[in-house]
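Welcome to my notebook. I am opening a new structure today and jotting down what I look up as I go.

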Amino acid sequence: MAENSLKTALKELHVLVKKTQEERVRAEPTLVNIARTHDKMKSESKVSAYFKNKLKSLYVAAQDDARKEAEMLHRCLDKISEVKTLKNKVTTSASSGGGQTKTGASVFDSDQPRKPVMRRGVLISLLQQAASQLPVWKPQSSNQKPPPLCGATPAEHNHVPKPASQVCGRIRGQDSDEQWILAEVVSYNAHLCKYTIEDIDEEGSTARERHVVTKRKVLPLPSMKADPATTPSALHSKGQVIVELHSKLHPLCWCCLLQLVMAVYPQTTCFYKGVITSVPTNVDDDYSVLFEDSSYPNGYSPALKVPQRYILPIKDRKR
């Protein structure tokens, strides 16, 4: 199924690229006329009304051509993002199989031949690649606001992640403690307001574990990167760790002074609380995050890099 969708998306991308090139070729004569008009104006001591009107009309036409070409390029970028998502899905599904799970969660395709389990190192590499290839949102005008799920911009209230999309899900682990993990949506029951999700990390078991969770325990991940140069408002705020006051204030007091986030701890697929120490300055940069860790004297780990894709605002919700 995913293979067929990938082939279809690639064909559609090929058509879009051809149309983009056609738009570029169609706009070239206007740019040539602008250059020639400027050359002719050099021989005149004063710019005549004829040249002024001609240049004005040529620049209006060039702006319209550029706008159409930009629209085609945005469509190409959207299709490229779709292709990458489908490719990652094909790669991931090729290494997953059925069987018993670690925690006794429901199993799927148990009657199908077992396939090799994807090693965690390979999975982490794929996740990092997916984060780096996340499309960058570019505003069409200076006053255009970023759309939902662009960087730190929250999703719409009625947003429902599509099947196969990655989310942050809260599940109950082997030790009965709940934790936020990186998961994939299988389905959504609108009547019960519950999701069926799969733990994306299958190492240590013979299949991905499925969990049925309520809607409030599923958080969508950003679908686009925020460009710090054009939409800094779509980035998470930088926090401040008050180490010297940590022992003097009640925990409930000093925690309120911090801008906490949930982020995927590097080389894992679990979300943990942390504080942002630096934000991206360009689209290829990651956040620097101090994770809460009682094994360190000040209660925080050293600063670790986390991509925009795997940073979410803190959610302290009731079970």
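Is Arg26 buried, partly exposed or exposed? I looked it up: with a relative accessible area of 41%, Arg26 is partly exposed. My cut-offs are under 20% relative accessible area for buried, over 50% for exposed, and partly exposed in between, with a 1.4 Å probe and protein chains only.

**Ground rules**

I am working with a predicted model, where local features need pLDDT of at least 70 and side-chain atom pairs count only at pLDDT 80 or more, while totals for chains, interfaces and linings use all residues. Residues are numbered from 1 along each chain as its sequence is written, and side-chain values use heavy atoms, with hydrogens and water left out.

**Entry: the overall layout**

I found four helices and ten strands in the protein chain. These are DSSP runs numbered from the N terminus, helices being H or I of at least four residues and strands E of at least two. Along the sequence I read the pattern α-α-α-β-β-β-β-β-α-β-β-β-β-β. The protein chain has 319 residues, and 39% of them are buried.

**Entry: salt bridges**

I went back to Arg26 and looked for its partner. Its side chain meets that of Asp65 in a salt bridge, 3.3 Å from N to O. I count a salt bridge when a side-chain nitrogen of Lys or Arg is within 4 Å of a carboxyl oxygen of Asp or Glu. This pair links distant parts of the chain, with Arg26 in helix α1 and Asp65 in helix α2, 39 residues apart. Asp65 is buried at 7% relative accessibility.

Which residue meets Lys79 in a salt bridge? I found Glu12, with 2.6 Å from N to O. Lys79 sits in helix α2 and Glu12 in helix α1 (residues 2-41), so this pair ties together parts 67 residues apart in sequence. Lys79 counts as buried at 14% relative accessibility, whereas Glu12 counts as partly exposed at 35%.

I also noted Lys42 and Asp39, whose closest N and O atoms are 3.7 Å apart in a salt bridge. Lys42 is exposed at 66% relative accessibility, and Asp39 is partly exposed at 47%.

I then saw that Arg170, Arg172, Glu178 and Lys217 are linked in a salt-bridge network. My search of the whole structure gave 14 salt bridges.

**Entry: helix α3**

I checked the length of helix α3 (residues 120-132). Its 13 residues should span 18 Å at 1.5 Å a residue, and its end C-alpha atoms are 18 Å apart, which agrees. The expected span is 1.5 Å times one less than the number of residues.

Which residues of α3 are buried? I listed Leu123, Ile124, Leu126, Leu127 and Ala131. Down the axis of α3 these buried residues fall within an arc of 160 degrees, so they line one face of the helix. The arc is taken from the directions from the helix axis to the C-beta atoms.

**Entry: the largest pocket**

I counted 31 residues lining the largest pocket, and Thr85, Ser165, Gln166, Ser223 and Arg309 lie nearest its centre. The elements that give two or more residues to this lining are α2 (49-93) and α3. The largest share, nine residues, comes from α2.

For the record, a pocket here is an open set of points on a 1 Å grid over the protein atoms alone, where a 1.4 Å probe fits and protein lies on both sides within 12 Å along at least five of seven lines; lining residues have an atom within 4 Å of a point.

**Entry: two phi angles**

I noted that Ala164 has a positive phi of about 80 degrees although it is not a glycine. Most residues other than glycine have a negative phi. Ala164 lies in the loop between α3 and β1 (166-172) and is partly exposed at 24% relative accessibility.

Gln267 also has a positive phi, about 70 degrees, and is not a glycine. I placed Gln267 in the loop between β6 (260-264) and β7 (270-278), and it is exposed at 52% relative accessibility.

I looked up Leu312, which is in strand β10 (residues 311-313) and is buried at 6% relative accessible area.

Tyr59, in helix α2, is 7.6 Å from Ile34, C-alpha to C-alpha, and 25 residues from it in sequence.
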